[in-house]
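Hi,

Here is the structure I promised to pass on. Have a look at it first, and then read on for what turned up.

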Amino acid sequence: MNPVDPAIVLLVGLAVFAEVRRGLALALVDVGRLVLGLVGGMLAYMLVFSLSHDYLAGLIAFSVGVTGVVAGLAALVRALEFNPGWGRRWIARVGAGVIGLGLGLCISFVILPVLGRLPGSSDAVAQSRLARPFLEAVPKLHHAADVLNLDLPQLSSRPALFEEEGSRTITELGPRVNFMRLDGAMCIECRSAVKFEGYFRTAGVRVSPRFRCPNCGRVSDGCQTFEGFHAMYGVCPQEAVRPGFGLDCGVWSNDRPVLPLGDCPVDRPNGSEE
Ligand SMILES: [Zn+2]
Ligand SMILES: [Zn+2]
């Protein structure tokens, strides 16, 4: 049997059991702690990242923010000895169980994509029946983060270098790119405005954005556009291209490496001459 399935059942079951024991009032407090913790973590991440421009520092700030708020509120609730009797009536405990179920599912949703990226557990997660609905929801999460323009710590890792694109092993966490906003970026092959098609699952638990050029049909995860290449790899595609070799996307292949055509609109926004 796939080991991931019983692990999900166990985790959700434990969450239900814990909240039924705590009662409805404390279960509601737990939901509030989680939401406020995430908000606190996100604010800490945005603040530290905007000051330091260091992704790792931002990630640490995020973890400290979440842990601080969650633990601080727990200490406050304990100090106030908040545990009203209505929350411990049997009907209220049923409600607490439902909240526990929701919390258990949320935790699974966070853990599964992480587990799916670790070398030891990636295959098991990809093949798990219970994990499938969670993994299928991940592209929607990326889309929502783009719509809200949330500056979340990266939801998925991607290679730091263009040469490593599409390799399953070499990835590193980095600041998130809002790919939806790259809609209309300039195709490196024909200089038309590309269309953002959304986020899609690629191999295993990995998710990539996909762009398509309506003129020449070129597809990519954004790297086959001038603006996208700059945003993802911090260099101009004109500089990254090696003599004699063209560029192609490592995620959505075109089987058609090309040299970027003409001036880069990022480096020379007005097409100005040198
Ligand atoms: Zn094109
Ligand atoms: Zn690419």
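Predicted model: local features only at pLDDT ≥ 70, side-chain atom pairs only at ≥ 80, totals over all residues.

A definition before the strands: two strands pair if DSSP finds at least two bridges between them. Helices (H or I, at least four residues) and strands (E, at least two) are DSSP runs, numbered from the N terminus.

Residues are numbered from 1 along each chain as its sequence is written, chains are lettered from A and ligands numbered from 1 in the order in which they are written, and side-chain values use heavy atoms, with hydrogens and water left out.

Now the strands. Strand 1 and strand 2 run antiparallel and are joined by six bridges; at one spot, Gly198 stands opposite Arg210 in strand 2. The two strands form a hairpin with five residues between them, and Gly204 in that turn has a positive phi of about 55 degrees. Strand 2 also pairs with strand 3, again in the antiparallel sense, over two bridges. There, Phe211 has Ser220 of strand 3 as its bridge partner. This is a hairpin as well, with six residues between the strands and a positive phi of about 80 degrees at Gly217 in the turn.

Is strand 2 enclosed or open? It is largely enclosed by the rest of the structure, because five of its six residues are buried (buried means under 20% relative accessible area, exposed over 50%, partly exposed in between, with a 1.4 Å probe and protein chains only).

Next, the metal. The zinc ion (ligand 1) has Cys187, Cys190, Cys213 and Cys216 as its protein donors, each through SG and lying 2.3 Å from the ion. Donors here are N, O and S atoms within 2.8 Å of the metal (3.2 Å for Na, K and Ca); water is not among the atoms, so sites may look incomplete. The angles among the four donor atoms are 99 to 117 degrees, which makes the site tetrahedral (four donors count as that if all angles lie between 85 and 135 degrees). Along the sequence, the donor residues follow the spacing C-x2-C-x22-C-x2-C. Cys190, in the loop between helix 6 (131-147) and strand 1 (195-201), and Cys213, in the loop between strand 2 (207-212) and strand 3 (219-220), are 23 residues apart and link distant parts of the chain. Cys190 is partly exposed at 22% relative accessibility, whereas Cys213 is buried at 1%.

Arg191 sits in that loop between helix 6 and strand 1. Its phi is near 70 degrees, a positive value in a residue other than glycine, and Arg191 is partly exposed, with a relative accessible area of 32%. Asp255, in the segment after helix 8 (237-240), is not a glycine either but has a positive phi of about 50 degrees; Asp255 is exposed at 71%.

Last, the helices. Leu14 lies in helix 1 (residues 4-22) and counts as exposed at 52% relative accessibility. Val35 is found in helix 2 (residues 24-52) and is partly exposed, at 47%.

Cheers

Definitions and conventions
Tetrahedral: all angles 85-135°; square planar, octahedral: opposite > 155°, others 65-115°.
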